[in-house]
Amino acid sequence: MLVVLLALAGAAFWAYQRYTGFADAPMAGIEQGETLVVEPGDSLAKVVGRLRASGVDVGHRVEWQSLARELGAANKLQVGEYKLEPGMSPRDVLKALRDGKVISRGFMIVPGWTMRDLRAALARNTALQHETGDMTDAALMAKLGHAGQHPEGRFLPETYQFVRGDSDLDVLRRAHEAMARALDEAWEARAKDTVLKSPDEALILASIVEKETGVADERPQIAGVFARRLKLGMRLETDPTVIYGMGSAYAGNIRKADLQAVTPYNTYKITGLPPTPIAMPGIDALRAATNPAGGDALYFMAVGDGSGRHVFSRNYAEHQAAWRAYMARYRAKNRTQ
């Protein structure tokens, strides 16, 4: 009996040693950059099978089950994509699956993108599921619950985190909700003497400001120029609206004929704002449009020194002087090249 008990004790100790060695030992076969996917309805056995298929060959089925029960992960494997790292142990993997530590990726909407740019970027993203590829813009907006709303400008530029299984529609829904909140906040904080009549007009003006400058501290000044022009009944005369109205016909430059063409977006020909936004404005552009800087400037143009900044003028004579200075810098630069 003593011999049997000793044998059983020895076997139990050996099994315990083997189990602990399995649970906490680094797993061979994992390469940098590998991932493990848990699909809806997957059992522990199926997940372990995927690990084995990737080159991991440790642990008996019973050991995996015992470890999963010990960690409280047996029936709590969360769906998603998980990062595998060289040196991970079975315990590390099961804890990650139990706690849902899935890989999070980011999709960035860039300030100034048009709806066409946004949809093209979504189509190129291979980590997202694609639900909107065959939808028209109108069908997409209806799917989001905003039938009849023009999509331009309605998605807030920022980075949206997503996980495996999320779709392009999920990202668009979140971006639309974020823009609605940001626009509401900007409109609530608008200047009391604003010339704008509605949040939609604020969104349109913000989109123009976004396209006119990438220099953050200039946005309120540029918004101020446009606000004063609107109050005086002057045309906005801004090239980005003309370019937007040209659509795919724009080939990198605006011709005289383009400036003379009467379209809803040619602000050299129409008075007031165009009918829709022309791009996706960021929060800073929204705030600038609803709280423009004061002053008396009615014109602005690029300095032309590579800084992206502008020179502001109170009247047409000053504007012409700024234009002559710009052309002098341009010619001098070309002579030295």
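**Entry 1: helices α2 and α3**

I looked up helix α2 (residues 44-53) and helix α3 (residues 61-71), which pack at an angle of about 120° with their axes 11 Å apart. The model is predicted: local features need pLDDT of at least 70, side-chain atom pairs count only at pLDDT 80 or more, and totals for chains, interfaces and linings use all residues. Residues are numbered from 1 along each chain as its sequence is written, and side-chain values use heavy atoms, with hydrogens and water left out.

I noted that helices (H or I, at least four residues) and strands (E, at least two) are DSSP runs, numbered from the N terminus. Axes are lines fitted to C-alpha atoms, for helices over the stretch in contact, and angles run from 0 to 180 degrees between N-to-C directions.

The two helices α2 and α3 are therefore oblique to each other (under 35 degrees counts as roughly parallel, over 145 as roughly antiparallel, 65 to 115 as roughly perpendicular and the rest as oblique). I recorded a right-handed crossing of α2 past α3 (right-handed if the near helix is turned clockwise from the far one by less than a right angle, left-handed if anticlockwise).

Which residues in α2 meet α3? I found L44, V48, L51 and R52 in α2, which meet W64, Q65 and A68 in α3 (contact means heavy atoms within 4.5 Å). By class, this contact has five nonpolar, one polar and one charged residues (Ala, Val, Leu, Ile, Met, Phe, Trp, Tyr, Cys and Pro count as nonpolar, Asp, Glu, Lys and Arg as charged, and the others, Gly among them, as polar).

**Entry 2: helices α9 and α12**

I then turned to α9 and helix α12 (residues 283-290), which pack at an angle of about 40°, with axes 8 Å apart. That angle makes α9 oblique to α12. Their crossing is right-handed. On the α9 side I listed R219, P220 and A223, which meet D284, A285, A288 and A289 in α12. I sorted the residues of this contact into five nonpolar, no polar and two charged.

**Entry 3: the pockets**

I read the volume of the largest pocket as about 640 Å³. On a 1 Å grid over the protein atoms alone, a pocket is an open set of points with protein on both sides within 12 Å along at least five of seven lines, a cavity is a set where a 1.4 Å probe fits but cannot get out, and lining residues have an atom within 4 Å of a point.

Of the 22 residues that line the largest pocket, E237, D239, Y268, F300 and H319 are the closest to its centre. I saw that α9 (219-232), β5 (299-302) and α13 (316-336) each supply at least two residues of this lining. The largest share, five residues, comes from α13. The lining has 14 nonpolar, four polar and four charged residues.

The second largest pocket holds about 370 Å³ of space. Of its 15 lining residues, I noted T114, R116, I243, Y244 and I278 as the closest to its centre. Both α5 (115-124) and α10 (239-246) supply at least two residues of the lining.

**Entry 4: the cavity**

How many cavities of 30 Å³ or more does a search of the whole structure find? I found one. The largest cavity has a volume of about 30 Å³, and its lining consists of L36, Y82, K83, L84, M88, V93, A96 and L97. I noted that α4 gives the most to this lining, with three residues. The lining residues divide into seven nonpolar, no polar and one charged.

Notes
Points joined across faces, edges and corners; volume = space filled by probe spheres on them.
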